[in-house]
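Open the model in your viewer and keep the selection tool at hand. This tour goes stop by stop, telling you what to select and what is there.

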Amino acid sequence: MANVHILDHPLIQHKLTIIRDKETGTKIFREVVNEIARLMAYEVSRQMPLEDVEIETPLAKTTQKRLAGKKVVIVPILRAGLGMVDGMLDLIPAAKVGHMGVYRDEESKKPVEYFCKMPQDIASRQLLVVDPMLATGGSAIATIEALKSRGGKDIKLVVLVAAPEGIKELQAEHPDVDIFTAAVDDKLNDNAYIEPGLGDAGDRLFGTL
C-alpha cells in the first residue's frame with residue numbers, strides 16, 4: 001500500500017478509541033472528530049513545500065522558510081465530511097472549502113452526484129477530500145472523478161478509518177491519489193459497514209440515530 005499513510009500518532013489513536021466507543025454521545029463525538037481532523041491536518045501538511053524568504057527581525061536580516069506552492073481546498077463529502085472541516089481549518093485557516101454531495105442509488109448501488117460547489121481555481125490548488133470513513137470506496141471514487149473532471153490534479157483523501165476493500169478499489173481507480181487514514185480496519189461486513197469501525201459517522205455527528 002505504497003500510497004496509504006497510516007497516521008499512528010498516540011494522540012490520534014487515543015482520540016480514535018473515544019469515537020469508536022458506542023457510549024460516546026453526539027457532543028463528545030463531534031468534538032473529538034474535530035480534534036482528530038486537526039491533528040491529521042498537521043500530519044498531512046508535512047508534505048507541503050517550503051521556500052526561502054528574506055525578512056528582518058527586530059535584530060537582523062535573515063533568510064527563513066515559508067509555505068510555497070499550491071494553496072489548499074478542503075472538500076468534505078456530505079454530510080459526514082463536514083465534521084472534519086473546522087478542525088482542518090484551525091490549522092489551515094486560509095484554505096477554501098468546496099462541497100461534494102454523493103448518494104448511493106438503491107437499485108444500481110452506484111454513487112450519484114447530487115451537489116458540487118467548488119472554487120473556480122481548483123486546477124491550481126491542492127485538494128484535500130475529507131470523509132470519516134472509506135468503506136466500499138464508492139463515494140470517494142465518485143468525488144475524485146468529479147474533481148478531476150473539473151480540472152483537479154493534486155488530490156489527497158483524508159479519512160479517520162478505512163476498510164481494506166475500499167483502499168483496494170480506490171487504488172485501482174485513482175492510483176495517483178494518496179490516502180491518509182488513522183486506521184485500516186479489519187473488513188466490511190455484509191451491510192458494507194467497516195468493522196470494528198465507528199458506526200454511521202453522519203448519524204453520530206448530527207444526532208440522527
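Contact here means heavy atoms within 4.5 Å. Keep in mind that this is a predicted model.

**Stop 1: H4 and H5**

Select Ala 140, Ile 141, Ile 144 and Glu 145 in H4.

H5 covers residues 164-173, and H4 covers 138-149. Two packed helices are described by the angle between their axes and the distance between the axes. Here the axes come within 9 Å and cross at roughly 25 degrees. Angles under 35 degrees count as roughly parallel, so H4 is roughly parallel to H5. Their crossing is right-handed.

**Stop 2: H1 and H2**

Move to residues 10-20 for helix H1 and residues 26-44 for helix H2. At what angle do the axes of H1 and H2 cross? The crossing is at roughly 155 degrees, and the axes come within 9 Å. That makes H1 roughly antiparallel to H2. The crossing of H1 and H2 is left-handed.

Colour the contact residues. On H1, select Leu 11, Ile 12, Lys 15, Leu 16, Ile 18 and Ile 19. On H2, the partners include Ile 28, Phe 29, Val 32, Val 33 and Ile 36. Continue along H2 to Leu 39, Met 40 and Glu 43, which also take part in the contact. Glu 35 of H2 belongs to the contact as well. By class, the contact of H1 with H2 divides into 12 nonpolar, no polar and 3 charged residues.

**Stop 3: the largest pocket**

Rolling a probe the size of a water molecule over the atoms shows where empty space is left. The largest pocket has a volume of about 900 Å³. Which residues lie closest to its centre? Select Arg 104, Asp 131, Met 133, Ala 135 and Ser 139, out of 28 lining residues.

Strands E4 (71-78), E6 (99-104) and E9 (133-134) each supply at least two residues of the lining. The lining has 14 nonpolar, 6 polar and 8 charged residues.

**Stop 4: the second largest pocket**

This pocket holds about 280 Å³ of space. Select Met 48, Leu 67, Lys 71, Val 72 and Ile 92, the closest to its centre among 14 lining residues. By class, the lining divides into 9 nonpolar, 2 polar and 3 charged.

**Stop 5: backbone details in the loops**

Zoom in on Leu 78 and Arg 79. A cis peptide bond joins them, with omega about 0 degrees. Arg 79 sits in the loop between E4 and helix H3 (85-91).

Go on to Glu 195 and Pro 196. The peptide bond from Glu 195 to Pro 196 is cis, with omega near 0 degrees. Pro 196 is in the loop between strand E13 (194-195) and H6.

Finish at Ala 192. Its phi is near 65 degrees, a positive value in a residue other than glycine. Where is Ala 192 placed? Look in the loop between strand E12 (187-188) and E13.

Terms used
Residues numbered from 1 in each chain as written. Predicted model: local features only at pLDDT ≥ 70, side-chain atom pairs only at ≥ 80, totals over all residues. Heavy atoms only, no water. Axes fitted to C-alpha atoms, helices over the stretch in contact; angles between N-to-C directions. Helix = DSSP H or I, 4+ residues; strand = E, 2+ residues; numbered from the N terminus. Parallel < 35°, antiparallel > 145°, perpendicular 65-115°, else oblique. Left-handed = near helix turned anticlockwise from the far one by under 90°. Nonpolar A, V, L, I, M, F, W, Y, C, P; charged D, E, K, R; others polar. 1 Å grid on protein atoms, 1.4 Å probe; cavity = no way out; pocket = protein on both sides within 12 Å on 5 of 7 lines; lining within 4 Å. Points joined across faces, edges and corners; volume = space filled by probe spheres on them.
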